[in-house]
Amino acid sequence: MKKIIGIISIITAGLFLSCSEDFLQIPPEDSLSQAIFFETQSDFEQAINATYAPLRNLHQIPVGVNNQGAWGMGELTSDNTYYKYNGNFRAVQNGEGLADFYVNDGNGTVENKYDNNYLIIARANQILALIDEIEFEDNAMKDNIKGQAYFLRALCYFDLVQYFGSVPLHLVPVTGRDDAALPLSTADEIYTQIIADVTEAISLLPVKSAQEVGRATRGSAQMLLGNVYIVQENWSGAESVLSTLITSGEYDLLGDYASVFDAGNENSIESIFEVQFLEGTQGFASSFTYAWLPMPLTAEEVGSITGVAGAQAANTQGFNIPTPDLLSAYEDGDPRKEVSIDSIEVDGVYYPYIDKFWTPHSTPLITGTNWPVYRFSEALLFYAEALNEGGDPGEAETYLNLVRDRVGLTPITGLDQAAMRQAIMDERRVELAFENKRWLDLVRTGTAQEVMSAFGARVKANPQDYYFPAGFGPPAAAFATIYTLFPLPASEAILNPNF
């Protein structure tokens with residue numbers, strides 16, 4: 001057999017890990033048996049550390065591997081980014097398939113998302129199944145660990161249900177093949193469990209100021225619940241939970257947009273939850289920014305972007321390249337455009353690339369850049385959306401304009417509900433560009449078919465505007481069907497007769 005990911009091996013053999021107290025330094029390698037591991041408070045502290053670890057794998061794939069991280073499905077599938085075609089390097093079908101809407105069930109990026117979400121779920125299940133049987137020296141720590149486990153499980157099921165729809169609902173550790181191959185649960189059943197988990201997390205987790213940096217907090221769980229309610233169009237529920245978050249005093253906007261992405265401001269007052277990376281050779285570094293270079297590039301060109309001595313040529317293919325459509329979405333004078341996107345001249349042509357995540361580092365491909373999952377600016381925009389959909393576009397203006405005021409844009413006033421709805425979506429697009437929000441926004445608002453069909457038509461009509469060299473363009477099958485859910489991985493379907 002090829003593997004049993006998401007079913008048996010990730011739910012048993014990989015759970016009992018040797019970890020240090022700092023979850024940034026977890027090598028999820030060594031396995032111990034359940035019988036000798038879960039006996040003390042320290043064991044559970046190590047286990048919750050290990051539960052965070054696959055978030056790093058979820059959000060990036062090592063550069064040079066023909067797959068993409070979570071951005072391959074959150075941004076590359078949208079009209080925000082595309083790829084820069086390289087006719088001399090063709091081991092890139094997974095990424096091109098995502099961008100051109102001809103993904104099959106063997107796509108490695110799709111499998112990576114599925115596998116790592118279930119790996120986190122499996123580890124959370126193991127903690128939740130056993131933690132109440134163990135006496136802790138500190139009961140507050142027991143609640144904290146349980147809250148983190150509930151949050152991480154909810155976060156992963158929310159990711160799975162948004163991208164795949166119906167998936168198996170594992171809530172207890174798997175002990176054998178029979179209980180591994182569960183039937184698919186409906187999206188409604190998955191959402192019911194997500195809400196139950198995240199509600200429990202809210203009741204157990206401490207606020208940000210009382211939590212260790214980088215871990216889930218009460219605010220993280222409130223934000224997740226607000227996001228779930230937004231997707232479900234439960235506007236009153238979203239308004240209530242987001243109001244509590246916004247008025248908690250735990251979060252605020254930083255003074256300017258550029259500072260949000262400075263290395264010294266990771267886990268800042270604007271951060272609600274982010275995936276932790278650590279620069280160095282221990283295996284916890286991030287490299288996703290390198291996958292977004294408009295390749296092929298010479299060593300000198302790579303060095304000019306990264307600022308790192310000893311840069312090497314990048315000869316594969318560039319992905320997550322900002323589209324002309326996104327470039328034109330910024331209002332005149334919006335500083336977020338310059339912060340988020342830069343360009344480089346290659347053979348007389350200027351190519352844009354994502355700039356806002358680059359942080360200083362000393363070694364090529366080894367950065368400490370964290371991945372932002374939720375920021376306070378998104379909480380404000382979600383709250384504005386809930387208020388507007390609840391029939392109060394005037395009140396929604398206040399929270400939309402807090403985000404606009406930060407970047408010096410003219411306040412928006414006097415809009416009716418439909419115009420405010422579009423203004424909020426426009427603001428989300430530029431404020432949260434490249435943070436894996438655009439595709440899910442298109443899907444949840446029911447505009448994915450229309451927007452991406454029109455985008456595909458533009459790419460096919462003018463391929464050179466979308467980074468194809470003269471004489472090349474997307475395949476004929478590109479954009480033929482704009483689907484809103486991805487296929488479950490073939491490697492899972494082979495093992496689960498219920499698929």
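Helices here are DSSP runs of at least four residues, numbered from the N terminus. With that numbering, Asn436 falls in the loop between H19 and H20. The model is a predicted one.

Asn436 has a positive phi of about 65°, yet it is not a glycine. Asn436 counts as buried because its relative accessibility is 10%, and buried means under 20%. Asp347 also has a positive phi, about 55°, and is not a glycine. Asp347 sits in the loop between strand S6 (341-346) and strand S7 (349-354). Asp347 is exposed, with a relative accessible area of 78%. Why point these out? Most residues other than glycine have a negative phi, and most peptide bonds are trans.

The bond from Met295 to Pro296 is cis, with omega near 5°. Pro296 lies in the loop between H13 and helix H14 (299-306). Helix H13 spans residues 288-291 and contains Thr289. Thr289 is buried, at 3% relative accessible area. Leaving aside residues up to four places away in sequence, Thr289 touches Phe357, Trp358 and Thr367.

Now the interior. In soluble globular proteins, nonpolar side chains tend to be buried together. The largest nonpolar core here has 131 residues, and Phe151, Phe164 and Phe486 touch the most other members. Helix H7 (residues 139-164) gives the most to this core, 14 residues. Beyond residues up to four places away in sequence, the contacts of Phe151 are Ala201, Leu205, Ala216, Ser220, Ala221, Leu224 and Phe273. A second core of 16 residues is separate; among its members are Met295, Leu297, Ile305 and Tyr353.

Next, the largest pocket. Its volume is about 350 Å³. The lining holds 19 residues, and Gln422, Met425, Asp441, Thr445 and Thr447 lie nearest the centre. The largest share, 5 residues, comes from H19.

Last, the record. An unreviewed UniProt entry carries the annotation "domain: RagB/SusD" over residues 350-498. In the model, the end C-alpha atoms of residues 350-498 lie 50 Å apart. This span is 46% helix and 7% strand.

Key
Residues are numbered from 1 along each chain as its sequence is written. This is a predicted model: local features need pLDDT of at least 70, side-chain atom pairs count only at pLDDT 80 or more; totals for chains, interfaces and linings use all residues. Side-chain values use heavy atoms; hydrogens and water are left out. Helices (H or I, at least four residues) and strands (E, at least two) are DSSP runs, numbered from the N terminus. Buried means under 20% relative accessible area, exposed over 50%, partly exposed in between (1.4 Å probe, protein chains only). Contact means heavy atoms within 4.5 Å. A nonpolar core is a set of buried Ala, Val, Leu, Ile, Met, Phe, Trp, Tyr and Cys residues joined through side-chain atoms within 4.5 Å. On a 1 Å grid over the protein atoms alone, a cavity is a set of points where a 1.4 Å probe fits but cannot get out, and a pocket is an open set with protein on both sides within 12 Å along at least five of seven lines; lining residues have an atom within 4 Å of a point. Grid points are joined across faces, edges and corners, and a volume is the space filled by probe spheres set on the points. UniProt positions are given in the numbering used here, feature names are shortened, and annotations may be inferred rather than shown by experiment.
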